[in-house]
Amino acid sequence: MLHRCRIRRMNIAIIGMQSSGKSSLFSLLTGIEPRNGKNGCAEGIARVPDERVDALSGLFNPRKTTYAQIGLTDHPGYSPSTCRSIAKNADALLFVIGAFSIDPSSPAPGQGASGSRGDARRTVVSEYDDLLTDMVLGDLQQVEGTLERMSRARGKPQRTGDIEALEAVRRALSDGTPARAANLDPEARSLMSSFGFATWKPAVVAVNLSEDQISSGEYSGKDDLLARCSDIGAEVMEFSCMVEKEVALLDRDEQQSFLSAYGLLEPGINRLAIAAYRSAGLISFFTCGEDEVRAWTVRVGATAREAAGKIHTDIERGFIRAEVFSFDDIQEYRSVRALKEAGKFRLESKDYVVKDGDVCSFRFNV
Ligand SMILES: Nc1nc2c(ncn2[C@@H]2O[C@H](COP(=O)(O)OP(=O)(O)O)[C@@H](O)[C@H]2O)c(=O)[nH]1
Ligand SMILES: [Mg+2]
């Protein structure tokens, strides 16, 4: 008998200026309207599209097909408390930049309608920098508080590694760069990852374009934004809420021709979900059977035993071995039997590091 257990879902925070398109994007990704819950945030679940799941489902013909999921939180505003909540709860950040409402030829809104803080020269880069600066300041406050507590606790044994790493983080933040950009060795990095700095989290910058901008692939400030994000290691994705809203209303065949009119291959929503998932350091492994073909989420570097624990803590506890083959091999050989004959079916022990696209089943004993 297996006991129930709950595994925390990976959570991605959507942040941005007012009217940049956060709630529209939230609805597109989750299929629900944002309903304000705790701290005025809306929470929902998005499916991570994965062609491999579709292909496995075609091969195994299961009764049920389940995609990987990510939790999304739509943060309506931005304040120091938002920053703390993001730091605590999010695994990755999705910055939404409202490029669609930035018109370089006319003075920027200021009249309040766009809520862009009335900056007379609002650009995509300034919009991103304003968001980042707030977060950097929030983290700076935290790191300074922590260092102060540590110095007050002088005399008690301290881990000097902690202090040095925190000082390096403070320097990075004082320079206006994310904590993640601090120059740290691997040991210090792993120490710092448990402090939960908001700017430690991986980030994807989603640029919300107008229909004209997405057609031409051009918008004001593009090169500057790409350079800025490349400097601090944030991935940039361009999409258009307007186009995506129209796409969502079409059936699959119509979607293709509609998208190609904009020079696009697939819905931007798919690319965004995948980018957020990947940037959070997540990979998928699959389980396949008559009942269900399912994608499961683990962090890069997870072992077979940890992966088993995603399915059930009892399987993790009673782990004996994993039977593993790769998605590419089953694509090639088309059946488990053919794949076994070709010697592509492996038995792995608990310390095996699971790879993206592995198909696993676990032998266990409780
Ligand atoms: N023209 C245009 N309007 C958009 C786009 N994305 C969002 N909007 C509009 O901007 C307003 C604010 O969008 P919303 O998603 O609520 O922004 P939020 O404040 O960031 O949550 C709504 O009226 C949207 O319809 C877009 O790509 N193009
Ligand atoms: Mg909103």
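Modeller: What follows goes from the overall fold to the ligand and then to one helix. This is a predicted model, in which local features need pLDDT of at least 70, side-chain atom pairs count only at pLDDT 80 or more, and totals for chains, interfaces and linings use all residues. Residues are numbered from 1 along each chain as its sequence is written, while chains are lettered from A and ligands numbered from 1 in the order in which they are written.

Biologist: What does the secondary structure of the protein chain come to?

Modeller: The protein chain has 15 helices and 12 strands, taken as DSSP runs (helices H or I, at least four residues; strands E, at least two) and numbered from the N terminus.

Biologist: And how many of the 366 residues count as buried, as a percentage?

Modeller: The buried share is 37%, where buried requires 20 or more other C-beta atoms, placed from the backbone, within 10 Å of the residue's own.

Biologist: Switching to ligand 1, which residues come nearest?

Modeller: Gly21, Lys22, Ser23, Ser24 and Cys241 come nearest among the 14 residues around ligand 1, each counted if its C-beta atom, placed from the backbone, lies within 6 Å. Two or more residues of that shell come from each of α1 (22-30) and α9 (241-248), and α1 gives the most, with 3 residues.

Key:
A residue is buried if 20 or more other C-beta atoms lie within 10 Å of its own, exposed if 12 or fewer, and partly exposed in between; C-beta atoms are placed from the backbone.
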